Amino acid sequence: VAVYGTKCVSSSLNTPGSVYENRAKWKDDCGNFWFFGGASNDNTDSRQLNDLWRYNPNVNEWTWVSGSATIDHPGNYGSLGTPSPANMPPAKMGAAGWKTKEGFWIFGGYAGYNDLWKYTPDTISADFAYVFDGCKVDFTDKSVPNCNEIKSYFLVANSNRYIIKSS
């Protein structure tokens, strides 16, 4: 069972609980490990999460950095391209994650998401920027490819424009 504690406060009592399908994970330049969301395995029914956690192996402590302590949270998109502590991706599992010098990136996820988020870990507050909104999935229209069926992505940065392509 997850113990969230206080946001942005490291504690030996904090723990993210049991999760799976949390593919958005990173290691920062200081050796800390980070992960976002996934599916909760704490209950008998699996629910999606939108929490961001950091693990510091030097002190063996977890920090709940951002997101909600509740399951299936809808997130807060804010203004496209504008970082804010109020922004948070929706609960998702299976999202792709990667790291660049600009920050941590989260793309897609199960349940039809095709959104791109950037998190910059060196900001004072936990600021996410909602960067891109891809396809909106209509699950009733079988002629439209489902975003969940797109298996791999690559990002091309060109004059601050981000293009997501499937391969």
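**Entry 1: overall**

I began with burial: 37% of the 167 residues of the protein count as buried (under 20% relative accessible area; exposed is over 50% and partly exposed lies in between, with a 1.4 Å probe and protein chains only). I note that this is a predicted model, in which local features need pLDDT of at least 70, side-chain atom pairs count only at pLDDT 80 or more, and totals for chains, interfaces and linings use all residues. Residues are numbered from 1 along each chain as its sequence is written, and side-chain values use heavy atoms, with hydrogens and water left out.

I looked up the secondary structure and found eleven strands and zero helices (DSSP runs numbered from the N terminus, E of at least two residues for strands, H or I of at least four for helices). I then recorded an accessible surface of about 9100 Å² for the protein, 52% of which belongs to carbon and sulfur atoms (Shrake-Rupley method, 1.4 Å probe; for residues, only the protein chains shown count as cover). Among contacts (heavy atoms within 4.5 Å) with a separation of 6 or more, 45% join residues 24 or more positions apart.

**Entry 2: nonpolar cores**

I searched for nonpolar cores, defined as sets of buried Ala, Val, Leu, Ile, Met, Phe, Trp, Tyr and Cys residues joined through side-chain atoms within 4.5 Å. The largest has twelve residues: A24, W26, W34, F36, L52, V65, A95, F104, I106, W117, Y119 and F128. At least two residues of this core come from each of β2 (24-27), β3 (33-40), β7 (103-107) and β8 (115-119). Another core, of five residues, lies apart from it and includes Y4, F35, L49 and W53. In soluble globular proteins, nonpolar side chains tend to be buried together.

I examined W34, which lies in strand β3. Is W34 buried or exposed? W34 counts as buried because its relative accessibility is 5%. W34 and W64 stand 30 residues apart in sequence, with their C-alpha atoms 10.0 Å apart.

**Entry 3: second largest pocket**

I turned to the second largest pocket, which holds about 170 Å³ of space. Eleven residues line this pocket, and D29, T100, K101, F104 and P121 are the closest to its centre. β6 (96-100) and β7 each give two or more residues to the lining.

**Entry 4: loop residues**

I checked backbone angles next. Most residues other than glycine have a negative phi. N60, not a glycine, has a positive phi of about 55°; N60 is found in the loop between β4 (47-56) and β5. N60 counts as exposed because its relative accessible area is 52%. D72 also has a positive phi, near 55°, and sits in the loop between β5 and β6. At 36% relative accessibility, D72 is partly exposed.

G75 is found in the loop between β5 (61-66) and β6. I list G75 as buried because its relative accessibility is 19%. Leaving aside neighbours within four places in sequence, G75 is in contact with N50, M88, P89 and P90. G75 and L49 are 26 residues apart in sequence and 9.9 Å apart from C-alpha to C-alpha.

Notes. 1 Å grid on protein atoms, 1.4 Å probe; cavity = no way out; pocket = protein on both sides within 12 Å on 5 of 7 lines; lining within 4 Å. Points joined across faces, edges and corners; volume = space filled by probe spheres on them.
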